[in-house]
Amino acid sequence: MLVRIVQLEIQPEHTQRFLELYSAHQEMILGWEGCVSLQLLQSDENPNELATHSNWSGEEALNKYRNSAFFRQLWSQVKPLFAAKARACIVTGK
């Protein structure tokens, strides 16, 4: 099992748009083969600081998702909303 955590800093004026995009696509991501769970976390102190926490059955499933046309299309919509480069961390569950 792989755990992927992606820290995101969204431009304050675009936080609501990001939340809307996440909500609109969450079920599709959860339905992706190998996606075990997906959660969005939002800072109480700074609402434009968010993180996604997802569990994947393995590296192959995650890479298939990340290399998909769906991911590229979604990423092209969310990336312009960032205030800073996204930071991703992948760890294996023990």
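## Terms and model

A residue is buried when its relative accessible area is under 20%, exposed when over 50%, and partly exposed in between (1.4 Å probe, protein chains only). Helices (H or I, at least four residues) and strands (E, at least two) are DSSP runs, numbered from the N terminus.

The model is predicted: local features need pLDDT of at least 70, side-chain atom pairs count only at pLDDT 80 or more, and totals for chains, interfaces and linings use all residues. Residues are numbered from 1 along each chain as its sequence is written, and side-chain values use heavy atoms, with hydrogens and water left out.

## Strand β3 and its partners

Strand β3 is mostly covered, with 6 of its 8 residues buried. Two strands count as paired if DSSP finds at least two bridges between them. β3 (residues 49–56) pairs with β1 (residues 2–9) in the antiparallel sense, over 8 bridges. Leu8 has Leu50 as its bridge partner in β3. Gln7 is bridged to Ala51 of β3.

β3 also pairs with β2, again antiparallel, over 7 bridges. Here Gln39 stands opposite His53 of β3. β2 and β3 form a hairpin, and 6 residues lie between them.

## Strand β1 and β4

β1 also pairs with β4 (residues 87–92). The two run antiparallel and are joined by 6 bridges. Val6 stands opposite Ala88 in β4.

## Aromatic pairs

A pair of aromatic rings is described by the distance of the centres and the angle of the planes. Rings of Phe, Tyr and Trp (its six-membered ring) pair if their centres lie within 6.5 Å; planes under 30 degrees apart are stacked, over 60 edge-to-face, and the rest tilted. The count by this rule is 7 aromatic pairs.

Take Trp32 and Tyr65. Their ring centres are 5.5 Å apart and their planes stand at 75 degrees, so this pair is edge-to-face. Trp32 sits in the loop between α1 (15–30) and β2 (35–42), while Tyr65 belongs to helix α2 (residues 59–66), so the pair ties together parts 33 residues apart in sequence. Trp32 is partly exposed, at 23% relative accessible area. Tyr65 is buried, at 7%.

Tyr65 also pairs with Phe70. That pair is tilted: 6.3 Å centre to centre, with 50 degrees between the planes. Phe70 counts as buried, because its relative accessibility is 14%.

## One cluster

Which residues form one aromatic cluster? They are Trp32, Trp56, Tyr65, Phe70, Phe71, Trp75 and Phe82.
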